[in-house]
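Colleague: I'm new to this one and would like a close look at a single part. Could you pick a helix and walk me through it, then show me a bit of what else is there?

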Amino acid sequence: MKLAVVGGGSTYTPELIDGFARLRDTLPISELVLVDPAADRLELVGGLARRIFAKQGHPGTITTTSDLDAGVADADAVLLQLRVGGQAARLQDETWPLECGCIGQETTGAGGLAKALRTVPVVLDIAERVRRTNPNAWIIDFTNPVGIVTRALLQAGHKAVGLCNVAIGFQRKFAAQLDVAPSDVFLNHVGLNHLTWELGARLGGPEGEDVLPKLLAEHGDAISDDLHLPRSVVDRLGVVPSYYLRYFYAHDEVVRELATKPSRAAEVAEMERQLLKMYGDPALDEKPELLAKRGGAFYSEAAVDLASSLLGAGGSRYQVVNTYNNGTLPFLPDDAVIEVQATVDGTGATPLSVPALDPLYSGLIANVTAYEDLALEAALRGGRDRVFKALLAHPLIGQYALADDLTDRLVAHNREHLAWA
């Protein structure tokens, strides 16, 4: 089995490698190729990756290349983990929206739109080259904004499934609080990427006992602390929102916080500098503890599970993925991409049915889906007016003067990445 990781020079790749090594019985990789245009980073990350495999006794080979076509040739699956523009672009995404009193974040709001505009054309070009080389390969998209990027891939006819680590993070936390194995916890996870709620947590599978009320009663303080939301709000909801919902439920509070502390991009850039220095140490043969602060916890385990199921090697029967709606949420178009539990096998992902949603959730999901529709249109066809319409439709923006101002700033800060600008 051959896998290729596009964006393999990411400082986060050793987390993925560690998962591949630990879970080699679930996903028996014989050849892994790390693909990245940044040769200097690739050499450091590739060296550590080989040492991790060797220490853990993994028999597979790891190679590195800056040649995309050569790297993905004969691959059974291609993982996409790109950041077009690097941390410098992320810093911009987190900064200029704040100057307008809006959330500065790389996947939500105006910053998220900027990232989508930079990323979608690049990902589609990569996917097309994968299709020309080996049309049967699966594409696993971990590139943000995952919902918009996955929809672009699916609409272009690619064999793609989107993946995020939010759900597996909740599964692991709930399992620890319940003192059960993670595989015993089935989440009633529903929404869009970075706009989800845990409506239930069932023991043993979709038909198991819902223990979410018990979790909220016994661990409500810890859960609300993790979300940075008041316990009273979580209790009134009776469900567990993802931490990205704080950008909606406490928008003004978050804007004030972001305006008075260092950006996450600056923190990550400094962390990456330290990590790359560590990776250059030939004695290092495991992922360093600092990597846990980099974000994306449990990504490797989710990726192994998904790839294993898609490639027929095993994997969990039910997984939370990003895929076409196809009637699952009846208030959305079939070709909207949602993030829900699905059965996953060699034919792809099929969402499980979801009970009728409270308007508190369906209203916001529908609103953000409309934004994502317009955002993808802007990413595919370009143009200032399309950017403006997407921003005007976003529930965190929604005023024409603000949308106009943000449009000018988005274009000015991303001109080098936008062919039409």
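Modeller: Just after H13, Gly312 takes a positive phi of about 75°. Keep in mind that this is a predicted model. Now step back into the helix itself: H13 covers residues 299–310, so to speak a run of 12 residues, and from first C-alpha to last it reaches 16 Å, close to the 16 Å expected at 1.5 Å a residue. How many of its residues are buried? The count is 12 of the 12, so H13 is largely enclosed by the rest of the structure. Among those buried residues are Tyr299, Glu301, Val304, Asp305, Leu306 and Leu310.

Setting aside neighbours within four places in sequence, Phe174 is in contact with Val185, Leu187, Glu198, Ala201, Leu212, Leu215, Ile223 and Val240. Take Leu187 from that list: it lies 13 residues from Phe174 along the chain, and their C-alpha atoms are separated by 9.5 Å.

Then there's a helix pair. The axes of H6 (residues 146–155) and H14 (residues 359–381) come within 10 Å and cross at roughly 60°, which makes H6 oblique to H14. Their crossing is right-handed. On the H6 side the contact uses Ile148, Arg151, Ala152 and Gln155, while H14 brings Thr369, Tyr371, Glu372, Asp373, Ala375 and Leu376. Sorted by type, the residues of this contact are five nonpolar, two polar and three charged.

Terms used: Residues are numbered from 1 along each chain as its sequence is written. This is a predicted model: local features need pLDDT of at least 70, side-chain atom pairs count only at pLDDT 80 or more; totals for chains, interfaces and linings use all residues. Side-chain values use heavy atoms; hydrogens and water are left out. Axes are lines fitted to C-alpha atoms, for helices over the stretch in contact, and angles run from 0 to 180 degrees between N-to-C directions. Helices (H or I, at least four residues) and strands (E, at least two) are DSSP runs, numbered from the N terminus. Angles under 35 degrees count as roughly parallel, over 145 as roughly antiparallel, 65 to 115 as roughly perpendicular and the rest as oblique. A crossing is left-handed if the near helix is turned anticlockwise from the far one by less than a right angle, and right-handed if clockwise. Contact means heavy atoms within 4.5 Å. Ala, Val, Leu, Ile, Met, Phe, Trp, Tyr, Cys and Pro count as nonpolar, Asp, Glu, Lys and Arg as charged, and the others, Gly among them, as polar. The expected span of a helix is 1.5 Å times one less than its number of residues. Buried means under 20% relative accessible area, exposed over 50%, partly exposed in between (1.4 Å probe, protein chains only).
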